[in-house]
Amino acid sequence: MTALKKLTLTEPELVQALQSKDPAVLKTLYSMYSSALYGVISRIITHTELAEDVLQETFVKIWQSAAHYDNTKGRLFTWMMNIARNLSIDKLRSKDFKNSLKNQDIENNVSFVDEQNKVTFNPDILGVKQLVDNLKPDLQAVLDLVYYKGFTHVEAAEKLDLPLGTVKTRIRLAIIELRRNFN
């Protein structure tokens, strides 16, 4: 049934093509139903990227589960909508999704520690800055670039005109020294 380019297929013809794994039917189903299914998904999952992923998973599941469709239990669209709804709910209940809500994007939260309790990171209050000031100047310089100014190890090595291994070693030595003095 390669003549699926026309959108005037009846539901039984769509089901037959889907169950016979005609690749063209997936394109037709997508063009006919993707916006409606995305609407169902986006009401459950408000994150756009995640909703789009679930839409893709929905069509994969429709393709894989086509043999299980039974027209006596409901229409094709209803069956597809139930798949979309169930996958959306499964995604919300998943451990990965719950964990992703707890994680923050480091790029947007460099200075953020705890906004609800009005707590921010201030190394002067903790006494860390004094401890860093007591380090050797070469260790101070590396820590200043990497931890206070946000340089990567490579950028710090270029700025200080040192080999990357030396920068990493100095960071490690500085942290060991700070740990020893802090405790």
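Here is a walk through this chain, from its overall layout down to a few single residues.

Keep in mind that this is a predicted model, where local features need pLDDT of at least 70, side-chain atom pairs count only at pLDDT 80 or more, and totals for chains, interfaces and linings use all residues. Residues are numbered from 1 along each chain as its sequence is written, and side-chain values use heavy atoms, with hydrogens and water left out.

Let's start with the big picture. Follow the sequence along and you get the pattern α-α-α-α-α-β-β-α-α-α-α-α. Out of 183 residues, 27% count as buried. Here, buried means under 20% relative accessible area, exposed means over 50%, and partly exposed is in between (1.4 Å probe, protein chains only). How much of the contact total comes from residues 24 or more positions apart? Among contacts with a separation of 6 or more, they account for 52%, a contact being heavy atoms within 4.5 Å.

Now zoom in on a pair of helices. Two packed helices are described by the angle between their axes and the distance between the axes. For H3 and H4, the axes come within 9 Å and cross at roughly 130°. (Axes are lines fitted to C-alpha atoms, for helices over the stretch in contact, and angles run from 0 to 180 degrees between N-to-C directions.) That angle makes H3 oblique to H4. For the labels, under 35 degrees is roughly parallel, over 145 roughly antiparallel, 65 to 115 roughly perpendicular, and the rest oblique.

Which residues make the contact? From H3 come Leu 50, Val 54, Glu 57, Thr 58, Lys 61 and Ile 62, and from H4 come Trp 79, Met 80, Ile 83, Ala 84, Leu 87, Ser 88 and Lys 91. Sorted by type, the contact of H3 with H4 has 8 nonpolar, 2 polar and 3 charged residues. In that sorting, Ala, Val, Leu, Ile, Met, Phe, Trp, Tyr, Cys and Pro are nonpolar, Asp, Glu, Lys and Arg are charged, and the others, Gly among them, are polar.

Take Thr 58 in helix H3. Is Thr 58 buried or exposed? Its relative accessibility is 0%, so Thr 58 counts as buried. Setting aside neighbours within four places in sequence, Thr 58 is in contact with Leu 37, Ile 41, Met 80, Ile 83, Ala 84 and Leu 87.

Next up, charges. Side chains of opposite charge can pair when their charged atoms come close. The structure holds 4 salt bridges, each one a side-chain nitrogen of Lys or Arg within 4 Å of a carboxyl oxygen of Asp or Glu. One of them joins Lys 91 and Glu 57 (3.8 Å, N to O). Lys 91 sits in helix H4 and Glu 57 in helix H3, so the pair ties together parts 34 residues apart in sequence. Lys 91 is partly exposed at 23% relative accessibility, and Glu 57 is partly exposed too, at 34%.

Another salt bridge links Glu 11 and Arg 75 (3.0 Å, N to O). Glu 11 belongs to helix H1 and Arg 75 to the loop between helix H3 (48-64) and helix H4 (76-93), so this pair ties together parts 64 residues apart in sequence. Arg 75 is exposed, at 55% relative accessible area. Arg 180 also pairs up, with Glu 177, the closest N and O atoms being 2.7 Å apart. Arg 180 and Glu 177 are 3 residues apart in helix H10, about one helical turn.

Finally, look at some loops. Leu 135, between helix H7 (128-133) and helix H8 (137-148), is buried at 6% relative accessible area. Not counting residues up to four places away in sequence, Leu 135 touches Gln 140, Leu 143, Ala 174, Glu 177 and Leu 178. Most residues other than glycine have a negative phi. Asp 161, however, has a positive phi of about 55°; Asp 161 is in the loop between helix H9 (153-160) and helix H10 (164-182).

Key. Helix = DSSP H or I, 4+ residues; strand = E, 2+ residues; numbered from the N terminus.
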